[in-house]
Structure formats: structure tokens, C-alpha cells
Amino acid sequence: METYSIFKDLAIIIVFAKLFGILARKCKAPQVVGEIIAGLLIGPSLLGLVQQSDFLARMAEIGVVLLMFSAGLETNLKELMKTGPVALLIACSGVFVPLLGGALLYMGFYGAAPWASEEFYKAVFMGVIMTATSVSITVQSLKEMGKLKGKVGTTILSAAIIDDVIGIIVLTFVIGFKNPESNPGSVVLSTVLFFIMALVVGFIVYKIFKKLDERYPHTQRIPILGLALCFFFAYAAEKYFGIADITGAYVAGIVLCSIQDSSYIDRKMEVSSYIIFGPIFFASIGLKTSIDNVSAGLLLFSVGFVVVALITKIIGCGLMAKLCRFGFQDSLKIGVGMMTRGEVALIVAQKGLSVGLLTPEYFTAVILLIIVSSISTPILLKLLYTKDREGAAA
């Protein structure tokens, strides 16, 4: 491929991704759905305007690292600590039940796999994809109804943050165990050592950034150094601990989320992520999604994947909320509010593809899950709150 042809590919990706992103937003769907569909349209499966290349794969990898760094920066540690044990219990249940459901679904379709075999880890990975929660649509829906700051809204928001942290840790373990040269002891030790390193180095870095922030507030050196920290943590995680680079980037974001200029860093990161790296990452999902080999069996699996992913979140989070003394209606709202999937599910799926735990045709199931959950969650939440008002009026 000629070197200059990458500019043509970038131009096509950016234009199509943004155009379809706007169309998706007008249809009340997440913008990322439009960007994925754009990648599918311009990719080898349909129009063939853009071919997947090493360059685009590297750009997409930078995009996913920046997205996870941004997710870490947006984490509210004070809110996380305030909601405490209840949100943690709901999040743990909201990870365990979908994880189990996804693994059983895969084994139900493709047969039970022996413990610690390649197929076993593929089955578990299907469950890992289901663990991720994206509350951006839920937050918007609750905000429109004026319910975001209530007990249910705060619980959903906090549980979703913890949910993603646990999901990333589970992903780290699964990828570590999948390596044939690894053993359970070394994987656990590497993971523990990474988080100890992150805690110690992170505390020192936090103090340094806090001093810099006080001395040079709202200056470009803060986001520049923040970006360097993101890339260093991503590198160190993979190189020295065998941990996913996205885990390192996410931890780097959490380290800086409590400094005064965390939102300023996030805004600066968003410029490059929104204009180029984000669209390339989401479009690359579409480019990699293969619909040529979509059989009736795979289509049936995709429908089952969506149904199991939605129901297990409602059961896992809703049942735990009920055990934590929420009323039946509020428990159901929490379960429904936690069932949306978005960027993190795609990031996890992308990581699975890169390490051989997922094949491209299964992206169809993931994309279908994001679309269905994004459309159904606001509708169901509105129905539940409307029922509450009607009950109060009666």
C-alpha cells in the first residue's frame, strides 16, 4: 500500500464516522453506534472503500487507550466512596451474573469446554464482554426526568463506575490466564504487583501533579504531562506486568481524577480523541466486523447474546438492590439502568480480538447488544417512572 493512501483512508473514515454519528444522535441512539455502522459500510464487507491496515490498527489502539484514560479522569472518587458498600455489592453482582450467563450461553451453543482450555477462556470472555456497563444514556434519561440526583440515580452511577473497574480487573485475569506459559499464581502475583505499583507510584504522581496544578493552573503543560503519564502506565502495564494496556491507561486517569484540573485535562484529551482517534477506533470495529460468514447459527447466537446480556444485568443488579433493602420498583429501575452497554464493551471486545479470544464475526453480537440496550433502556426507565407517578396519583 502506498504511504500517501493512508490520508485517503483517514479522510473517508473521519467524514463517514461523523456523518453517521450525527444521524445516530438524531435517531436518539449513541453516536458510537453511527461510527461503528460507518466502519461497517466503508469496510471490506460492504463498499470496500477502506481496508484494514497495521497503521489503522495502531491508531485505533491509541484511540482506545485515550478513551480509557478519559474514563478514569471522569471517575468521581468522592462519590464512589460515599455510596460505599451498597454500590459495591450491586456492581459485584452485576459483574458475576452476566459473566456466568455469557460463559454458559457460549457453552450451550458450542459445547462444554474443559477447564483452562482455549475454548473455556473463549466462553469466559463472552461473559467478560457482558460485564461492562455504559450509563451515559441512563444518565441522560434520568437527567431529563429530574431523577439523576435521587438515591436510585446516585446508586446506578456509582455502581456503574465500580462495575467497569471490576470488569477491567476480570479482563486482566482472563487475558493473563489465557497465555499458555502462565500459571494462576504468576497471573495473580503480576496483577497484585501492578496495583501495588499503581498505588505507590500513583500517590507520588498525584502529589507532584497537585503541586504543578497549584503553581501552573490551566496551562497546557498539565494535560501534556497527563498524556505522557497515560502512555507510560499503558506501556508499563503490558511490558512489566503482562496487564492490558487499557488497564494502565484507566489507572492513570484515576490517579489524576481528583486534581483540580482533571476536567481541563479531559477537555484537552477530548479534542484529539473526538476529532481523530475516537472515530478511527469505533470505525475500525466496523472495519473488522465480518458479515460474510454470518450464518443462521451465528445470528441465533447474537440474539441469545443480547437477551442474556440484558436479563443477567437486571437480575444481578436488581436482585442485589432488593437484598440491600431497596423497594421492588427501585430495584427494577437499578437493574434496567445498569443494562446499557457502550464503549467499554467495545474496548473489551477489541482487546479479545487482539489476543485471540474473539473472532471478527462475533462483533455482530456486541454491536447488536449496544444498539438494543441503548434504545430499550430509556424507554423502560420512562415506563417505570411513569408507573410510579400514576401509583402516587392513585
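**Figure 1. Buried residues and the overall fold of the predicted protein.** Of the 394 residues in this predicted model, 53% count as buried, where buried means under 20% relative accessible area, exposed means over 50%, and partly exposed lies in between (1.4 Å probe, protein chains only). The secondary structure comes to 15 helices and zero strands; helices (H or I, at least four residues) and strands (E, at least two) are DSSP runs, numbered from the N terminus. Among contacts with a separation of 6 or more, 80% join residues 24 or more positions apart, a contact being heavy atoms within 4.5 Å. The accessible surface of the protein is about 18100 Å², and 68% of that surface belongs to carbon and sulfur atoms. Accessible areas come from the Shrake-Rupley method with a 1.4 Å probe, and for residues, only the protein chains shown count as cover. Because the model is predicted, local features need pLDDT of at least 70 and side-chain atom pairs count only at pLDDT 80 or more, while totals for chains, interfaces and linings use all residues. Residues are numbered from 1 along each chain as its sequence is written, and side-chain values use heavy atoms, with hydrogens and water left out.

**Figure 2. Where helix α3 meets helix α10.** The axes of α3 (residues 54–73) and α10 (residues 245–256) come within 6 Å of each other and cross at roughly 35°. The crossing of α3 and α10 is right-handed. On the α3 side, the contact is made by Glu61, Val64, Val65, Met68, Phe69, Ala71, Gly72 and Leu73. From α10 come Asp245, Ile246, Ala249, Tyr250, Ala252, Gly253, Ile254 and Leu256. For reference, axes are lines fitted to C-alpha atoms, for helices over the stretch in contact, and angles run from 0 to 180 degrees between N-to-C directions. A crossing is right-handed if the near helix is turned clockwise from the far one by less than a right angle, and left-handed if anticlockwise.

Figure 3. The structure holds four salt bridges, each defined as a side-chain nitrogen of Lys or Arg within 4 Å of a carboxyl oxygen of Asp or Glu. In this view, Glu35 pairs with Lys18, and their closest N and O atoms are 3.4 Å apart. The pair links distant parts of the chain, with Glu35 in helix α2 (residues 31–42) and Lys18 in helix α1 (residues 5–26), 17 residues apart. Glu35 is buried at 4% relative accessibility, and Lys18 is buried too, at 16%. Leaving aside residues up to four places away in sequence, Lys18 touches Gln31, Glu35, Tyr274 and Pro279.

**Figure 4. Two further salt bridges.** Asp9 forms a salt bridge with Lys8, and the closest N and O atoms are 3.7 Å apart. Asp9 is buried, at 4% relative accessibility, whereas Lys8 is partly exposed, at 46%. Elsewhere, Lys122 bridges to Glu119 with the closest N and O atoms 3.7 Å apart. Lys122 and Glu119 are three residues apart in helix α5 (residues 118–131), so about one helical turn separates them. Glu119 is partly exposed, with 33% relative accessibility.

**Figure 5. A nonpolar patch on the surface.** Val188, Leu189, Val192, Leu193, Ile196, Leu199, Val200, Phe203, Ile204 and Ile208 form this patch, with about 930 Å² of accessible area together. Patches are made of residues with over 30% relative accessible area and no salt bridge: nonpolar side chains (Val, Leu, Ile, Met, Phe, Trp, Tyr) are joined within 5 Å, and like charges within 9 Å. Leu199, one of the patch residues, lies in helix α8 (residues 184–215). Leu199 is exposed, with a relative accessible area of 64%.

**Figure 6. Leu369 and its neighbours.** Leu369 sits in helix α15 (residues 363–393) and is buried, with a relative accessible area of 0%. Leu369 touches Phe305, Val306, Ala309, Leu310 and Arg341, not counting residues up to four places away in sequence. Leu369 and Arg341 are 28 residues apart in sequence, yet 7.1 Å apart in space, C-alpha to C-alpha.

**Figure 7. Two loop residues with positive phi.** His218 is not a glycine, but its phi is positive, near 55°. His218 belongs to the loop between α8 and α9 (221–241) and is partly exposed, at 48% relative accessibility. Arg325, also not a glycine, has a positive phi of about 75°. Arg325 is found in the loop between α12 (296–323) and α13 (328–337), and at 79% relative accessibility Arg325 is exposed.
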